Structures are given as C-alpha cells and as structure tokens.
Protein chains: 2
Amino acid sequence: MKFEVTILGSSSATPIFNRNPTSQALNVNERLYLIDCGEGTQQQMLRFDIKSSRIDHIFISHLHGDHYLGLIGLLSSMHLNGRKKALQLFGPTHLKEIIDIQLKYSETTLQFPLEFVATNAQKAEVIVNNNDIIVETIPLDHRIECCGFIFREKKRLRKLIKEKLEELNIPVEYYTALKRGSDYTSANGVVYKNETLTVDSNVPKAYAYCSDTIYNEQYFNQISNVTLLYHEATFLNDMLDRAKETHHTTALQAAQIALKTNAKRLLIGHFSARYKTLNELLDEARSVFPLTELAIEGKTFNIE
Amino acid sequence: MKFEVTILGSSSATPIFNRNPTSQALNVNERLYLIDCGEGTQQQMLRFDIKSSRIDHIFISHLHGDHYLGLIGLLSSMHLNGRKKALQLFGPTHLKEIIDIQLKYSETTLQFPLEFVATNAQKAEVIVNNNDIIVETIPLDHRIECCGFIFREKKRLRKLIKEKLEELNIPVEYYTALKRGSDYTSANGVVYKNETLTVDSNVPKAYAYCSDTIYNEQYFNQISNVTLLYHEATFLNDMLDRAKETHHTTALQAAQIALKTNAKRLLIGHFSARYKTLNELLDEARSVFPLTELAIEGKTFNIE
C-alpha cells in the first residue's frame, strides 16, 4: 500500500522567495490527505501535479495564516471545477466561521458537501478511521490552540504460509478465517494452530506531523516509534530563546525529540525566512539524529 | 513623475499553472498603490522585487477570492516585518469583517494602523486626493458589488519659458506666482501676460482599472480619454454567452470599450484558465483596438 508524503510548502509565516508556507499531501493507498494549506497551496499542487479531486480529507493544525490561508481558495477552486463529492475538513472550531463568512460575502454556495469536524486541542482524539488508516490529533503547545496529526496504517490481516496450506490441502474457503487468526481443524480432527499456518503482517507504519509547537514532552508518548516524524524546526539552536518566545522548536530540539521518541526517520520543516539556505539546519539536526531530511518542496518521502 | 503599473497576477478565479490571480502595483512618483490582491500576491511581490514597505494604499475591487485572498497574508507579513506606518485600505464594507475575524482567531494585533475606507458600489467617489494623484471609484456591473478605480495625476503647475524670463530679467522670487498663472508687471509698469511667459503643463495622465464587469455603458463616461485602460477580458468573444452569464467581458468587448471611450492604450487581463496561451485574446482585441497589450505577470507598463 502506498504511504508517502509530498511537501508542498515548508516556510514559516514570513514569506520568502522560493519557499511556500506549510502544506503537505499524504498519499495513503492513492487517496490524498492534505495537511495544512498555507497561501499558494493550490498553485503548488498544480506545480507538483497533485490532483485536488483525489483529496477527500483536509487537516488544518491551527489558525495562523501560514497554515490555512490557502484553504478558502482551494475550496472555491474545487467548487468552480465542478466537485460534487463530499470533503471532510478537520480544524479548530473557528475555522468554520472564517470559511462561512468568506463564502457568504462572495455569494458562493459550494456545490459539494463540506463536512467540518472541529478538533480539540485539549485531548488526543481519533478523527478518521477507514479501511486504510486511523488519524488521531496530537495536542501541541503553541501560542494559540494547535493540533498535530498522526496517521497510522490499519493493522493488516495475517499472511498465509501458502506452501503449508497446500501441503495440508486446506480448502480455500478457510483462508479468510485463517487470515483473521483462527486455528484449523482438519476432517480427521487434528487441530493446527494459526501461528503454524500464518505469519503476522508487517508492523503498521505511522506518520506523525508536529507543527507548530514549543519543545514539550506532553506529546512524546503519543508519537513514539513512528516510521517518519515530521517536526517543525523553525530556528537553529542559537536562537533557542526566540524559539521559546514564539513557541517554536529548533532543529536540534527536533532531532532530540526524534531520538527520545524512537522515530525511524525525521523530516524537518517550517523554516524561518532568515535562513536563505537550509544546510545548517540539516547539519544541526543530523548531529543528534543522523536519519534526518529537509522538507524540500516537491520532494516525496516514502513512509517505510 | 513616474507613473507605471506592474502586473503581479492576471488570471481569473480558477487557478492555472504559471498565472496568478489578479493584482497590480501602480507606481506613482515612487509610492506604490496596490490594486487587488489575489492569493499569492506577496510571493509575486518577492519575485518581481515590489517592496511592501513602499505601499501605503491598497484597493480591493470586490470580494471574489481571486481579487483579495492574498490580502490577509500580506497584512500579516507587513506586521511580522515590523511595519509601523499607517496603511489605507479601500474595499467593500464586509472586507473589514473578514480581516478582523482572521486577525482575531490568530490572536494578531497589527502593529501598524490599518485605516479602512469602505467603497460604495452605487456611486463614483473620490477616495484619495494627495499631492500626486486623485483616485476615484468606478462602479462596475458584476455578480456582486464591485468597484474599479481610476487614478488621475494631479494637474501640474505651468512650465516657465526660462529664456524669456531671463531676457526680461524677471526676479526669481516671481517664478512661483508665474507657475500658478499670474501675469508679470515690470518695474516700469509693463504687463506681461502669463501665457507669454509660461506654457501649460502636460495633460494629466490617467489609469483606469476595470475588473470585474459585464459590458455596461454606465461607466464609459467616467473612463473616457484615459492614457491607459486596464479592462478585464476573461473570454474570447465566441464565449459571449458565458461572459454575460458570469458578468464578465470578452476581449472583443474590452477593445470596443477602449475605442468608444477613446483610451490611448488598452491592457487586457483576468484571463480564464481555459486559455493556456493568450495570443488569441490579444489578436481578437487588436482587431478592433490595435494598441492593446496583454497584462503579463512581471511586465511594467508606462502610463504616458
């Protein structure tokens, strides 16, 4: 099953030429989950061939402009392009009000159902649970209410040991029950334990998205052992005071978080406009957590 | 005096790769007047080196997203970049409400005075009158309330005929009065009429911005004889029915308007995303009004 994330924007609030504010498109089994939607996201989608028709879920972490100002334009374009199927939108309560007022004064009635679900920044909640994935909010610690999101693959059924099943002549109609963990009893009453006929499926992969937040251990437990951790790294650690003051994280701290939470790999982003190039941020993070990458726009990262 | 307009965006609502929604920066004597502010305008400003610190006036024609969704991001960035001086914002009444709600929920208090002036789409009004320029609204005919804007240079003082003044030994302290139109009486009582000592200054130049509107003669009188007319030309004329239905203009109509109102030159923009290239729109307009140009992003047009 495809499980990968494409970076559409990775800058923080102040604009900088050649970097766009935050947005990511997560591809799970060919369905797209859009995470944050800074200004210009729809232009970035055109640029990187991300089809909005494949998006059925949008997640907005918080109401700072660099994380949501592209949303109303994207919704309008979906409408103008004839979208009819429902779209689920997850975000802070007041996001709905902001959208509604803009639709009202442009006299736009969306031609598709927009199903808004308010997130709660006080406690982690499962907000999506479908055949492919479970999505849970991650309450973060920012200047205003803010949630990250964790996307966990559904645990797959057990895998059949085909040769064993053929050797024992087990009829095909038993296979589904075996995948679900049942034992097999043959015609002559011999019981074969499930674990001799099947093996466990792969450990479900997980992607955690943590932006924006100050370093705060409150969410570490929730993001432990993820396959890929995206963490904001707005500043270099020589600006730790500024990071604290603005409730952001440094590249060094992001790496420490990856280490402490036992992430497999780390992706850093939400770079301050003061950094024209990003090598120093990468080097700083890699000094603590070598398997770090930069969230460069247009790059796709497999979550595996 | 510098009087020129730089195109920052020229697409209509549906996004298209490589064209941004509507915005223009008008440079009048090195002060910038921003006209409309579609999503991504601040990125375009970075791209074309348009400094937001030089903008003291922003004009929003109407509340369709492709004309204003970049505004809140731009205001936030001005704030983050430490702007202190006042900014005048002109637009439909409800624009203020849309800005306020977004500032409120991002817990942002702008560190500069934002002076909002509501435009009235029912009647033309002078909304700016300073040393350089007079700006007047142009009530247009669109699906929702919409105003264009006309920017007229202030009439300059008369120009002195230097050789004549020196020949007559007219003292320098009389020059200002002469520029203002006074006659000159010499020490021995001879009266020299002003028109023998000065010449009229150039005819004040004017730039009219007309977007979005259906073809409607109601505003033709107001825009007559402008130096440069920007007019929306969303469609080719083979889509006249669609233009009427959506309250837009075709390239042919824009050219007819330039002809009827005796514009010196015509600039067309607000192109539908269906036109990947723009030559046909240009050819259609030029068939009626040869001095037509396309509002190509990054291009600057002298108003002269």
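The model is predicted, with local features needing pLDDT of at least 70, side-chain atom pairs counting only at pLDDT 80 or more, and totals for chains, interfaces and linings using all residues. Residues are numbered from 1 along each chain as its sequence is written, chains are lettered from A in the order in which they are written, and side-chain values use heavy atoms, leaving out hydrogens and water.

**The annotated site in chain A**
- An unreviewed UniProt entry lists Asp66(A), His67(A), Asp212(A) and His270(A) under "binding site"; such annotations may be inferred rather than shown by experiment.
- These residues span 205 residues in sequence, yet no two of their C-alpha atoms are more than 10.6 Å apart, so they gather at one spot.

**A closer look at two of these residues**
- His67(A) sits in the loop between β4 (55–59) and α2 (71–80) of chain A, and its 0% relative accessibility makes it buried (under 20% relative accessible area, 1.4 Å probe, protein chains only).
- Asp212(A), in the loop between β14 (206–210) and β15 (228–232) of chain A, is buried too, at 1% relative accessibility.
- Contacts of Asp212(A) (heavy atoms within 4.5 Å) include His67(A), His248(A) and His270(A).

**The helix pair in chain B**
- Helix α8 (residues 251–260) of chain B and helix α9 (residues 279–286) of chain B are DSSP runs (H or I, at least four residues).
- In their contact, Ala251(B), Leu252(B) and Ala255(B) of α8(B) meet Leu281(B), Glu284(B) and Ala285(B) of α9(B).

Technical notes. Helix = DSSP H or I, 4+ residues; strand = E, 2+ residues; numbered from the N terminus. Buried < 20%, exposed > 50% of the residue type's maximum accessible area, 1.4 Å probe, protein only. Lists of a residue's contacts leave out its neighbours within four places in sequence.
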